[in-house]
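Hi everyone, thanks for coming. Let me put a structure up on the screen, and then we can walk through it together.

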Amino acid sequence: MACTDDRCALVESAQFRGGPGAHAAQSHRAVVADVAEIRTLRPEFARAAREARIFGFLAAPLFRGARHVGTFSWYAQRSHALTEAAVPAAERACRGLLRLPIRPGG
């Protein structure tokens, strides 16, 4: 896990226990969500996000072939800041990440 700041790290901890990234990995599709939209479906994640003052999400799965290697998550400080219009840019960023070599332990 790599995070840009402490707030993201707190939310990512909850993400592993059932946030939008888990849904993105299962569906093999990017997921755009808002904290108000997911509070009943993923209450633990929504609570962590609200506490970190993060209200919008875009999670895109990272696959190498059929193998899931991670999820790339974008977070926004306001509701509906991330929309379906951002998905193509997220997918391009993920393809770029996947071209990087994966080093064990690195």
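Take the contacts in the chain between residues at least 6 apart in sequence: 54% of them join residues at least 24 apart, where contact means heavy atoms within 4.5 Å. Please keep in mind that this is a predicted model, where local features need pLDDT of at least 70, side-chain atom pairs count only at pLDDT 80 or more, and totals for chains, interfaces and linings use all residues. Residues are numbered from 1 along each chain as its sequence is written, and side-chain values use heavy atoms, with hydrogens and water left out.

Now the fold. The chain has five helices and three strands, and along the sequence they run α-α-β-α-α-β-β-α. Helices (H or I, at least four residues) and strands (E, at least two) are DSSP runs, numbered from the N terminus.

What about burial? Of the 106 residues, 39% count as buried, meaning under 20% relative accessible area; exposed is over 50%, and partly exposed lies in between (1.4 Å probe, protein chains only).

Along its principal axes, the C-alpha trace spans about 35 × 30 × 20 Å. The accessible surface of the chain is about 6700 Å², with 53% belonging to carbon and sulfur atoms; these areas come from the Shrake-Rupley method with a 1.4 Å probe, and for residues only the protein chains shown count as cover.

Where is Leu 97 found? It sits in helix α5, residues 87-98. Leu 97 is partly exposed, at a relative accessible area of 31%.
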